[in-house]
Amino acid sequence: MTKPIALAIKWVLIVATLAGILWIAAKLAAAGNVTAVVVAGLVGMGVLAVYATRRAVPLKYLVPGLIFMALFQLFPVLYTANLSLTNYGDGHLNTKEESISDIIAQSVREVPNTPRYKMSVATKEGDSADTGDLVLLLTKPDGSTFVGDKSGLKPLGAAGIEKTPVGKITKAPGYTILNARQVNARKELQKLAVPTSDGGGVKPVGLSEAFEGKSTVTYDAKADRLTDSSTQPPTVYEPRDARWVSTKDATQSFPQGWKENIGFSNYTRILTDDTIRSGFIKIFIWNVVFAVVSVLSTFLLGMLIALLFNDPRLRGKGIYRSLLILPYALPGFVTALVWKGMFNQDYGIINQTLGLGIDWLGTDFGAKAAILITNLWLGFPYMFIVCTGALQSIPQDVREAATIDGANAFRTLRSIIMPLLLVAVGPLLLASFAFNFNNFGLIYLLTKGGPFNGADTSIGSSDLLITYAYRLAFSGTAPNYGFAAAVSVVIFLLVALMSIPGFRRTKALEEVN
Amino acid sequence: MSTVNAPVPTDPRLETRVESETGRSTPSSPKRSGLGGRVWWRHALGLVALAWALFPILFIWSAATNPSGTLNTASLWPSGFSTANFNTLFSDSSRPFWTWYKNSMIISFVGAIGAVFIGACAAFAFSRLRFKGRRGGMMFLLLTTFFPALLAIVAMYIIFAGIGDALPSFGLNTLTGLILAYLGGALGANVWLLKGYFDTVPRELDEAAIVDGASHVRIFFTMTLRLVMPILVTVFMLVFVGLYGEFMLASVFLTDVETQTLGVGLYGMTLGNNANELFGPFAAGALLGSIPVMLLYLAFQKQLVGGLTTGSVK
């Protein structure tokens, strides 16, 4: 029977966990994320059900891992699949309602002779000054203070606020006020507009003032149309392809669109858009070539070195082995970045030592060669060790039998040693292929997928599918998350298709007892 | 689904390397003097192989200790010894090298401890307890290792941006957020490795303890965990090394210079117009950054070998 102390510890832990979950749920509720609150509640009930009772002993050990796996591994995968069916990305980040209120707030024009606000630009406490959402801290001429962001204008309590003599807020609890340099770095400030309840908005003027004005755009909810009265005659905009497009001129539209389900459009785009499709096929071919050549070259070099040292008379094998392992013991980012320096066209030691003038990282062929050479250096120690182990497990009498039968050294290698070696390391070669197929770190650190000389400048000549998807999502001026997610799903399917044969052969599956 | 979250399993190189290394039969005593007879050519080619393996490492050393510290003056052979690059590296306040170092160590250490604990718990269940879906669960874990989680990176980014809105200390640009993301892959191939070793601990020990009135909790924490310590150390090392070198998720999550890891920070030094001038300090940082992993590798080489053999061979 459980001792009282153990029981106490158990309940303290359960209560602490539940308190933590409750705290998280409260924060999530405050942020208005209903789904997340429900998930937190379910997790809490699950924890209680599993740990408070005497049942479900296996689950007691599996739940910690399962929770993390479900939240940060399985859910992201499903979410990716879901994203790939949307147009989520630059210009389509918000809901339709948000796009309407943003457009209305953006169209605010200053009404002459209205008083201006004193303005400080801030972020929420804890947010980054470079990327956190911008918040405006405003002071009316009468001294009342407000806080405004994309969602609207709210009064700001006077407690804890410090102001300059002219009324500009210098300190407010819960917010970090940016200095002039930081504000200057945030170009999106000039596009920020705070909607007010009467259909107008507050917009910044310069870095320390803001005005409140009337909007020129109005929304007709019944007809689902936006009307801009600043033009003559007023322009009417209708929703089309997740954007507001002018009814007269289809090329005229607002930059603010909304997120929308677009079915399989992202997938059909991969298949039908000529530049993307040809680029995609190009990337895929190079991706397979890269993985295959990497595996074969590292295996061959590793095996040759292993054969070289596979002689019982040879001394100092331990020293050789420790030194040959060193490339493998360096962190991957160090290796890739150092090779990047060595491949520099003008100053790199490879060109200097060998007297070459090759533009390694700037030409298609050079970049691919550089990547393969680097990966050969990175990967051969592993193959060397693997092959050494496999060679030593081949019984000596088999070789002796071959010698007695009159086979020479090469014949023994080809007909006896190689087949036995391949049986032993075959699964490892497959695993190495799968690893290299998505070897993001090497490519990204060495060439970033470039150079970009092709017809479509979004596709680099040393891109893998994974670096391509990454760039679509994270490093362009117009990120397209939906499309990047679709590319990711396609990679998933390709990896799955290619792994099925290897997976079937995996003996490990049969060993579960 | 595991390359990012569990960088270890999908980097199969390390584990299998050691595994097979131990499969070797102990070398028989040399019949002849090593340098005599027909083995000299093996040494000659061996030296060539060593030169190939070591020249970039020599280059890092030369570049790090090079007095002028730019890429164009860096040479393969050390041209004198100077700590100028190290001084530059440590004094640049826009590139807080020691903060990066600390961040990398925290992330790798906490992430590895968490992964070992989660993995050990799951392995105990799979090895010692009988339940429905046990076999299916193990297969599922193996299946997930075939699909790298970095493919879901867009979703991870959006999810953690959302978490950050509600809980700023767990969102993007925080070490805790990144560690949580890594823990998503704590199950996976690790559990296979752990379970293999757990299976080698005789069940009779458990049965004896049960007869003596011990609960499963007591057996797990006071008995099993101690008996499987070698594999716990091994998995800790593998996860530590994997997280230490992880770049993709870290680069997406950590955009503030103060929260960055060594990999992301050093990568930033190789970008931009002054990359050539910064090459010396970069090499100095790379040299220092390589030390933890190399030390771990050297210190635990034996334990790694021991842990993995028993785990894989049964």
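Biologist: Why is Ser104(B) called buried?

Modeller: Buried means under 20% relative accessible area, exposed means over 50%, and partly exposed lies in between, with a 1.4 Å probe and protein chains only. Ser104(B) has a relative accessible area of 3%, so it is buried. The model is predicted: local features need pLDDT of at least 70, side-chain atom pairs count only at pLDDT 80 or more, and totals for chains, interfaces and linings use all residues. Side-chain values use heavy atoms, without hydrogens and water; residues are numbered from 1 along each chain as its sequence is written, while chains are lettered from A and ligands numbered from 1 in the order in which they are written.

Biologist: Which residues does Ser104(B) touch?

Modeller: Contact means heavy atoms within 4.5 Å. Not counting residues up to four places away in sequence, Ser104(B) touches Tyr244(B), Thr261(B) and Leu262(B). Ser104(B) itself is placed in helix 5 of chain B; helices (H or I, at least four residues) and strands (E, at least two) are DSSP runs, numbered from the N terminus.

Biologist: What makes Leu93(A) partly exposed?

Modeller: Its relative accessibility is 41%, so Leu93(A) falls in the partly exposed class. Leu93(A) lies in the loop between helix 3 (57-83) and helix 4 (96-106) of chain A. Beyond its neighbours within four places in sequence, Leu93(A) is in contact with Tyr88(A) and Tyr481(A).

Biologist: Why is the pair of Phe97(B) and Tyr101(B) called edge-to-face?

Modeller: Rings of Phe, Tyr and Trp (its six-membered ring) pair if their centres lie within 6.5 Å; planes under 30 degrees apart count as stacked, over 60 as edge-to-face and the rest as tilted. Over all chains, the structure holds 49 aromatic pairs. The ring centres of Phe97(B) and Tyr101(B) are 5.6 Å apart and the planes stand at 80°, so this pair is edge-to-face. Both residues lie in helix 5 (residues 97-128) of chain B, four residues apart, about one turn of the helix. Phe97(B) and Tyr101(B) are both buried.

Biologist: What makes the pair of Phe124(B) and Phe220(B) tilted?

Modeller: The ring centres of Phe124(B) and Phe220(B) are 4.7 Å apart with planes at 50°, so the pair is tilted. Phe124(B) lies in helix 5 of chain B and Phe220(B) in helix 11 (residues 216-227) of chain B, so the pair ties together parts that are 96 residues apart in sequence. Both Phe124(B) and Phe220(B) are buried.

Biologist: How do you know that helix 15 of chain B is largely enclosed?

Modeller: In helix 15 of chain B, 16 of the 21 residues are buried, so the rest of the structure largely encloses it. Helix 15 of chain B (residues 279-299) bends by about 30° at Ile291(B), with the proline Pro292(B) following within four residues. The bend is the angle between axes fitted to the seven residues ending at a residue and the seven starting there.

Biologist: Where is the kink in helix 11 of chain A?

Modeller: The kink, about 40°, lies at Gly379(A), shortly before the proline Pro381(A). Helix 11 of chain A is mostly covered, with 23 of its 30 residues buried.

Biologist: Why is chain A called more spread out than a compact globule?

Modeller: Chain A has 16 helices and 15 strands. Its radius of gyration is 31 Å, well over the 24 Å that the globule rule gives for 513 residues, so chain A is more spread out than a compact globule. That radius is taken over C-alpha atoms, and the rule is 2.2 Å times the number of residues to the power 0.38. The C-alpha atoms of chain A fill a box of roughly 105 × 75 × 50 Å along the principal axes.

Key. Expected span 1.5 Å × (residues − 1).
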